[in-house]
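Here is a short walk through one protein model, written for someone meeting it for the first time. Keep the structure open beside the text as you read.

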Amino acid sequence: MVEPGPGGRRRRSARSREESRTGLALISPTFFIVTVVVVLPILWTVSLAFQEVRLLNIRTTGFFGAYTLDNFTGVLSSPGFLQALLTTVLYSVFGTGLAITIGLCAALALRRPFPGRGAVRAAMLLPYVAPVVAATFVWSTMLNPQFGFVNHIGTTYLGWDDPVAFLSARSTPMSLLGWEIEVPTALVTVILFEAWRSFPFAFLFLTARLQAVPETLDEAARVDGATPSQRFRYILWPQLVPTIAVLSVLRFIWTFNNFDDIYLLTGGGAGTEVVSVRVFDYLTARGDIGAAAAQALVLAVILAVLVGIYLKRFGRKGDQA
């Protein structure tokens, strides 16, 4: 075997350096944009979280200052923080679970071809693509205790004694099998709104995955006499588990950080105050930028821990399925 001479090695070395420079030139715009848009704001938020910063002295605040843990101490010990954190977790878990469940049911219902299926699928996307301001206005009008048609139907045909203030009542007594229970009315309402608004996202993912399932598997199961529940359990469900795992993580992250839906529906009142609404209140009502940044940082850490636990416990199961 003939080894290349010094000239060949120099040519390859020059070509490698040229390719490296070309690669750096191609990725430098992306690197610059990510640094300016993502990295620097995160570092600035972390810096503000450790400083006593208010709207009055924001102009004189630098990246390096008198760092302190007072913001975190005040946030963690403030009244209502643990309740807001619990509300955030409940809102995220139930909102994510309901959205994926409704999306799965819709995807299964529209799996087989029928006349007008394309139009029905397109209509399924309306809650997700509609502006959030318009959607919350429709729900607020629909659930209004004075002129909303939901309360009209309830009091006229369903035997309700009084109209229900779905968006302003913290709880409503309800009789279930002889037991009197308090239902968190406003929280349940915003969870239902979140599920209604986000289920089309799960519907799209699950529909795409169902279309990739080989028809021969289902036909073979039919020939063998498998029931619909058995075909779903042993054929479709193993195919859907990885997609559902990814959807669960994505929807949980987005719902955990959700702000606009709850703020537009209830303003964070009636037991629906989540941590993101508290961050907004600290920033606007109190003008305490340092405390708001600290609370946002705490929210990010808690979210990272919860997602990490989920991925560690269920991520491998989803990959194996």
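There are 13 aromatic pairs in this structure, where a pair means rings of Phe, Tyr or Trp (its six-membered ring) with centres within 6.5 Å, called stacked if the planes are under 30 degrees apart, edge-to-face if over 60 and tilted for the rest. Take Trp139 and Trp196: their ring centres sit 5.5 Å apart with planes at 45°, so this pair is tilted. It ties together distant parts of the chain, since Trp139 belongs to helix α6 (residues 132-142) and Trp196 to helix α8, 57 residues apart. Helices here are DSSP runs of H or I with at least four residues, strands are runs of E with at least two, and both are numbered from the N terminus.

Before going further, a word on the source: this is a predicted model, in which local features need pLDDT of at least 70 and side-chain atom pairs count only at pLDDT 80 or more, while totals for chains, interfaces and linings use all residues. Residues are numbered from 1 along each chain as its sequence is written, and side-chain values use heavy atoms, with hydrogens and water left out.

Back to the rings. Phe232 and Trp237 make another tilted pair, because their centres are 6.0 Å apart and their planes stand at 50°.

Elsewhere, Tyr128, Phe201, Phe205 and Trp254 come together as one aromatic cluster.

Next, the nonpolar cores. In soluble globular proteins, nonpolar side chains tend to be buried together. A core here is a set of buried Ala, Val, Leu, Ile, Met, Phe, Trp, Tyr and Cys residues joined through side-chain atoms within 4.5 Å. The largest one has 23 residues, and Phe256 and Val275 are the members that touch the most others. Two or more residues come from each of α1 (6-49), α2 (70-77), α3, α10, α12 (275-284) and α13, with α13 giving the largest share at 9 residues. A second, separate core has 18 residues, including Ala106, Ala107, Ala221 and Leu236.

Which residues does Phe256 touch, leaving aside neighbours within four places in sequence? Its contacts (heavy atoms within 4.5 Å) are Leu85, Thr88, Val89, Ser92, Leu299, Ile302, Leu303 and Leu306. Leaving aside its own neighbours within four places, Thr255 is in contact with Tyr91, Ser92, Thr96 and Glu194.

Now for the pockets. On a 1 Å grid over the protein atoms alone, a pocket is an open set of points where a 1.4 Å probe fits, with protein on both sides within 12 Å along at least five of seven lines; lining residues have an atom within 4 Å of a point. Volume is the space filled by probe spheres set on the points, which are joined across faces, edges and corners.

The largest pocket has a volume of about 360 Å³. Its lining has 16 residues, and Val93, Thr96, Ser248, Phe252 and Tyr310 lie nearest the centre. Helices α3 (81-109), α10 (228-256) and α13 (289-320) each supply at least two lining residues, and α3 has the largest share with 6. By class, the lining has 12 nonpolar, 4 polar and no charged residues. Nonpolar covers Ala, Val, Leu, Ile, Met, Phe, Trp, Tyr, Cys and Pro, charged covers Asp, Glu, Lys and Arg, and the others, Gly among them, are polar.

The second largest pocket comes in at about 310 Å³. It is lined by 15 residues, with Val164, Phe166, Thr172, Met174 and Thr185 nearest its centre. Both β1 (172-176) and α8 (185-211) supply at least two residues of that lining, and α8 gives the most, with 4.

Finally, two loop residues. Leu167 lies in the loop between α7 (149-157) and β1, and Ala270 in the loop between α11 (260-265) and α12. Leu167 is in contact with Ala270, and also with Ser140 and Leu265, among others. Ala270 has a positive phi of about 60° although it is not a glycine. Most residues other than glycine have a negative phi.

Key
Buried < 20%, exposed > 50% of the residue type's maximum accessible area, 1.4 Å probe, protein only.
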